Amino acid sequence: MLTNFTKILKVSGLDSTLSSGGPYTLFAPNACAFSEMDLEGYRRLITNKKLAIDFVKRYMVRKAAIIAMDCTMVKRYLQKQILIW
C-alpha cells in the first residue's frame with residue numbers, strides 16, 4: 001500500500017500535476033520503506049508543504065515513462081533516500 005506516500009503527495013499539491021499531463025514516472029516508497037523513517041520526520045512531511053514537495057520530487061521523473069529496469073538498483077537508491085528523512 002502507498003498510503004503514506006499518497007498523503008505526502010496530497011500535502012505537496014503535486015497530485016494535480018501528475019494527473020494533468022506527463023508522462024511521469026513515480027518511484028513511490030512503500031509502507032516498508034516508511035517504517036524505517038522516524039515518526040517526527042514523517043510528521044514534518046505531512047505538515048510542511050515545501051518539505052512534502054521536495055520529498056515527492058525525489059521520486060518523480062518528468063517526461064519519462066520507465067517500463068523496465070533493474071529493480072534491485074532502484075530499491076537500493078530509494079532505501080538510501082528514505083533514510084535521509
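Leaving aside neighbours within four places in sequence, which residues is L14 in contact with?

## L14 and its contacts

L14 is in contact with L9, I53, V56 and K57, its neighbours within four places in sequence left aside. Contact means heavy atoms within 4.5 Å. The model is predicted: local features need pLDDT of at least 70, side-chain atom pairs count only at pLDDT 80 or more, and totals for chains, interfaces and linings use all residues. Residues are numbered from 1 along each chain as its sequence is written, and side-chain values use heavy atoms, with hydrogens and water left out.

L14 lies in helix α2, residues 14–19. Helices are DSSP runs of H or I, at least four residues long, numbered from the N terminus. L14 is buried, at a relative accessible area of 11%. Buried means under 20% relative accessible area, exposed over 50%, and partly exposed in between (1.4 Å probe, protein chains only). The C-alpha atoms of L14 and K57 are separated by 8.8 Å, though the two residues are 43 apart along the chain.

## α1 against α5

The axes of α1 and α5 come within 8 Å and cross at roughly 120 degrees. That makes α1 oblique to α5. Axes are lines fitted to C-alpha atoms, for helices over the stretch in contact; angles run from 0 to 180 degrees between N-to-C directions. Under 35 degrees counts as roughly parallel, over 145 as roughly antiparallel, 65 to 115 as roughly perpendicular, and the rest as oblique.

From α1, the contact uses F5, I8, L9, V11 and S12; from α5, K49, A52, I53, F55 and V56. By class, this contact has 8 nonpolar, 1 polar and 1 charged residues. Ala, Val, Leu, Ile, Met, Phe, Trp, Tyr, Cys and Pro count as nonpolar, Asp, Glu, Lys and Arg as charged, and the others, Gly among them, as polar.

## α4: buried face and packing

In helix α4 (residues 39–47), the buried residues are G41, Y42 and L45. Seen down the axis of α4, they fall within an arc of 100 degrees, so they line one face of the helix. The arc is that of the directions from the helix axis to the C-beta atoms. L39 and T47, on the other side of α4, are exposed. The cover over the buried residues includes α1 (3–12), α3 (31–34) and α5 (49–57).

α4 and α5 pack at about 105 degrees, their axes 5 Å apart. The two helices are therefore roughly perpendicular to each other. R44, L45 and T47 of α4 meet K49, L51, A52 and F55 of α5. This contact has 4 nonpolar, 1 polar and 2 charged residues.
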